[in-house]
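Q: I would like to learn how to read cavities and helix packing in a model. Where do we begin?

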Amino acid sequence: GGSILAGHTMSGLLFKEKGVERSDETRSLMDPRTVSSTSEAVDVGAVEVETDAMNIDAVINLLDWGKFHWLLLLQCGLSWACDAAEMMLLSFLVPRITPVLMPNASKSERDHYGFLLSAMTFAGIWLGALIFGKVSDRLGRKRGYLISTAVVGGFGLLCSTAQTMEFLIAMRTIVGVGLGGVTCGVTLFSETVAEKYRGASIILSIGALWTFGCVFETCVAWFCFSLSGTQWRLFLVLSAMPSISLLAMFPWLVESPRYLAVTGRMDKAVEVLKLAAQKNRVRLPHNFKLVAPKRPAHNQSHLRTLLGKKLRVTTLLLWGLWFCSVISYYGLSFVTPLYFSFQNGNEYVVTLLSALAEIPGMVATSYLVDRIGRKKTKAVMFSAGGAATLVLSFNSLPFGVLTLAAIVGRGSVLGAFNDLYVYTPEVYPTQARNA
């Protein structure tokens, strides 16, 4: 979703490796010379490593991929399905809610409040990205993820009780604040997955479950608004249920072992890693120890570090890319239903098709990101999305051509969006990665 600032208030020096910039902390952790200190053998399938003192990245890479990661992918990735449902909600709700709650208002006044409903949701997302960045770095990824999910689900349900547009706008603003914390789950997942799986797994989990959320919300809207009367309250309740249901899985969710190590809780980090090894059927030394990562001195704010001499150019470029991604993706998502309803087409069918079109875009991105690199993948996807969106400006073209353009545009832009979620955390160190 819509967390423009997620992962940006971070610190660390950058270097380049295989087309991906990484921080000094990441480079140090991935250096094979820091892996071993003694000679106890570790049998990991066909890999044998002689060590009982390892850094956190070395252990995570040894864990490979298994049952533990599939479960974690589902636990963290479902946040994106919930996020997608809450964001797609606006494209169906805005044109229908103002006549109901403002029956005597003029068209211009209704349009004004409809604009505010969307704008304040995104303002909430911006504020939530700032708030949950600090919450996640101070209280942990798991707690940040839990609080954000509870805010989205709880206040999403309260939206259904609205009697005035002002109350509805206030509730959707708070929902937006919760949506700003959705990146806590992605950060938790990315910090617990081996580097060789990180690109494809994050893109596939974000992309597939985000698309599932879009399809779910479109089906809910089609069902609710096909009933007699405008069933907007039922629509809001059903839209909030995925987030409410997601709360039930938190007792079984682990904290990021990398976050635990950086904050000095080495025993807890080892406990999580041993649990992962057990579920993945990987043998680790019985009493292995983690090399404590360096804890940088916090002698200046994240924002000052972010805009300091060493990171300024990278940060400004990333801000621009995130801004373009948000504008492009949500612009296509929100405009598509209205665009095709004006074309006298079935807005639900076209929205479903364009949502399903995200799947090939997601698969293409997951294939390219580890083969041609993060940067080139973004360039390809943004170019394809821009060209397809340009075609949509020629509304005199046949309906089939416009539908194809919407499909290609949305799939490509989502691919670029997901690539950014992989690239951004890799640039910065753990202690400020989600700030």
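A: Begin with a term: a cavity is a set of grid points where a 1.4 Å probe fits but cannot get out, and lining residues have an atom within 4 Å of a point. The model here is predicted.

Q: How many cavities of 30 Å³ or more does a search of the whole structure find?

A: The search finds six.

Q: Which residues line the second largest cavity?

A: The lining consists of Ser79, Cys82, Asp83, Tyr145, Ser148, Thr149, Val152, Gly178, Leu179, Val182, Ser243 and Leu246. Two or more of these residues come from each of α3, α5 (141-159), α6 (165-179) and α9 (232-246). With four residues, α5 gives the largest share. By class, the lining has six nonpolar residues, five polar and one charged.

Q: What describes two packed helices?

A: The angle between their axes and the distance between the axes. In this model, helix α3 (residues 67-101) and helix α8 (residues 195-224) have axes that come within 7 Å and cross at roughly 40 degrees. That angle makes α3 oblique to α8, because angles under 35 degrees count as roughly parallel and 65 to 115 as roughly perpendicular. The crossing is right-handed.

Q: Which residues of α3 and α8 make the contact?

A: On α3 they include Leu73, Gly77, Trp80, Asp83, Met87 and Phe92. On α8 they include Ser201, Leu209, Trp210, Phe216, Glu217 and Ala221.

Note on methods:
Residues numbered from 1 in each chain as written. Predicted model: local features only at pLDDT ≥ 70, side-chain atom pairs only at ≥ 80, totals over all residues. Heavy atoms only, no water. Axes fitted to C-alpha atoms, helices over the stretch in contact; angles between N-to-C directions. Parallel < 35°, antiparallel > 145°, perpendicular 65-115°, else oblique. Left-handed = near helix turned anticlockwise from the far one by under 90°. Contact = heavy atoms within 4.5 Å. 1 Å grid on protein atoms, 1.4 Å probe; cavity = no way out; pocket = protein on both sides within 12 Å on 5 of 7 lines; lining within 4 Å. Points joined across faces, edges and corners; volume = space filled by probe spheres on them. Nonpolar A, V, L, I, M, F, W, Y, C, P; charged D, E, K, R; others polar.
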